[in-house]
Amino acid sequence: MHCPKRLEEGKMSSGTGVREGCELPFGTTGKASTPTSLTEQEQQMNKVDKLTLQLQMMTNERNELSIILANFTNNDLNNRLNFELEMLNMEHKKVMLDLEKFPKEISEALNKCKELTKETLSCSILHSQLLSEWIHLKEKVSILREENQKLRGEQISLQESCEEMRRLCGEAHEKIYDLWAKEKQHHLRELHSSINTSSTKDIL
């Protein structure tokens, strides 16, 4: 590795084999060092090179900032400050206007909350009434269903009774008809016999 640029132009020392201007580590002589010490020296030189490069970059940045700062005059700074102050004043006025609107908005919100509370209460009362009516109607429907079931049972019983009455009436009608037929036949026989008897008397 090399020494920093400002030391690179140094000449080799005839006695030590090291460039002039490079500092040797503490406790070393001009004699040839071991590979381990050379590696340590190279690492130290690398660190020095990096630090030198970083220092140069920081110096360049400082110079650029100095140039930029020099371009700003007091007038420019005042104008910028005035502009920022004006913007802050405008924002402050806007915030104050918003703050002035808050009481009115809060009052309107409270009124709406009161109205909503009244509507909620009315809805709750109406819901209770409707629920009560619904329960009452449900009970009525239950009663009507029971009555309907009873009526259907009675209707079935009446239908069965009617069928039984029809059957009995049919049987009675048949019996009456048979009796009537027999009675008529008997009467006709008697009439015919009577006629025959009268005819025989007349002939005699």
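Arginine 166 and glutamate 163 both lie in helix H3 (residues 74–203), 3 residues apart, about one turn of the helix. Helices here are DSSP runs (H or I, at least four residues), numbered from the N terminus. The model is predicted: local features need pLDDT of at least 70, side-chain atom pairs count only at pLDDT 80 or more, and totals for chains, interfaces and linings use all residues. Residues are numbered from 1 along each chain as its sequence is written, and side-chain values use heavy atoms, with hydrogens and water left out.

A salt bridge is taken as a side-chain nitrogen of Lys or Arg within 4 Å of a carboxyl oxygen of Asp or Glu. By this rule the count is 3 salt bridges.

| Salt bridge | N to O distance |
|---|---|
| arginine 166 – glutamate 163 | 3.4 Å |
| glutamate 164 – arginine 167 | 2.3 Å |
| arginine 167 – glutamate 171 | 2.7 Å |

Glutamate 164 and arginine 167 are 3 residues apart in helix H3, about one helical turn. Arginine 167 and glutamate 171, also in helix H3, are 4 residues apart, again about one turn.

For accessibility, buried means under 20% relative accessible area, exposed over 50%, and partly exposed in between (1.4 Å probe, protein chains only). Arginine 166 is exposed at 58%, while its partner glutamate 163 is partly exposed at 48%.

Note on methods
Helix = DSSP H or I, 4+ residues; strand = E, 2+ residues; numbered from the N terminus.
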